[in-house]
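Please walk through the following model with attention to how its parts are arranged. The description begins with a single residue and widens from there.

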Amino acid sequence: MTSIATSEKIAVIGAGPVGISAARALKKKGIAYDQFEAGSGVGGNWRHGVYHTAHIISSRKTTEYPDFPMPDHYPDFPNAAGVPKLNSRGRR
Ligand SMILES: Cc1cc2nc3c(=O)[nH]c(=O)nc-3n(C[C@H](O)[C@H](O)[C@H](O)COP(=O)(O)OP(=O)(O)OC[C@H]3O[C@@H](n4cnc5c(N)ncnc54)[C@H](O)[C@@H]3O)c2cc1C
């Protein structure tokens, strides 16, 4: 694994699932970053790339962020209307 100098600020491009996960990892390590999202909110493909009625095919438990679990009332396979909410929660 390559190490990076933590004095450098990182640019995270996009706030889809990968951008959010990258930002969370940087934050956990105390590495400064700026995150840029071209769209109107977080969630990436699940905000603007699929029908809102589309359901994830990975289960809620395997898709959620462990420290920001989806609300208990969510179904096992929530639709796109619910997934960006998860990503917004995971962004903190
Ligand atoms: C129909 C369908 C069903 C799927 N089902 C599942 C599933 O059940 N479970 C699962 O885990 N995965 C599923 N996936 C895959 C999952 O949606 C993707 O793996 C995931 O969205 C990829 O995340 P990402 O952050 O790389 O990209 P994206 O979600 O595409 O997000 C990229 C973000 O970057 C932003 N962006 C792009 N360029 C720039 C720029 N130059 N500057 C600033 N912002 C920029 C975009 O606006 C976007 O918000 C499914 C995908 C599809 C299409």
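Ile 10 counts as partly exposed because 14 C-beta neighbours lie inside 10 Å of it, where a residue is called buried if 20 or more other C-beta atoms, placed from the backbone, lie within 10 Å of its own, exposed if 12 or fewer, and partly exposed in between. The model is a predicted one, in which local features need pLDDT of at least 70 and side-chain atom pairs count only at pLDDT 80 or more, whereas totals for chains, interfaces and linings use all residues. Residues are numbered from 1 along each chain as its sequence is written.

Ile 10 belongs to strand S1, strands (E, at least two residues) and helices (H or I, at least four) being DSSP runs numbered from the N terminus. Once neighbours within four places in sequence are set aside, Ile 10 is in contact with Leu 26, Ile 31, Ala 32 and Tyr 33, a contact being a pair of residues whose C-beta atoms, placed from the backbone, lie within 7 Å. Ala 23, which is 13 residues from Ile 10 in sequence, is 9.3 Å from Ile 10 in space, C-alpha to C-alpha.

Across the strand pair, Ile 10 stands opposite Tyr 33 in S2. Strand S1 (residues 10–13) and strand S2 (residues 33–36) run parallel and are joined by 4 bridges, where pairing requires that DSSP find at least two bridges between the strands. In S2 lies Asp 34, which counts as exposed because it has 10 C-beta neighbours inside 10 Å. Leaving aside neighbours within four places in sequence, Asp 34 is in contact with Lys 9 and Ala 11; the C-alpha atoms of Asp 34 and Lys 9 are separated by 7.4 Å, although the two residues are 25 apart along the chain.

Together with H1, the two strands S1 and S2 make a right-handed β-α-β unit, right-handed in the sense that, with the strands pointing away from the viewer, the path from the first strand over the helix to the second runs clockwise. The 12 residues of H1 should span 16 Å at 1.5 Å a residue, and its end C-alpha atoms are 16 Å apart, so the two values agree; the expected span is 1.5 Å times one less than the number of residues. Just after H1, Gly 30 takes a positive phi of about 70°.

The ligand is surrounded by 21 residues, of which the closest are Gly 14, Gly 16, Val 18, Gly 44 and Ile 56, a residue being near if its C-beta atom, placed from the backbone, lies within 6 Å. Helix H1 (17–28) and helix H2 (45–48) are the elements that give two or more residues to this shell, and H1 gives the most, with 3 residues.

Over the whole protein there are 4 helices and 2 strands, which follow the pattern β-α-β-α-α-α along the sequence. Buried residues make up 17% of the 92 residues.

Note on methods. Two residues are in contact if their C-beta atoms, placed from the backbone, lie within 7 Å.
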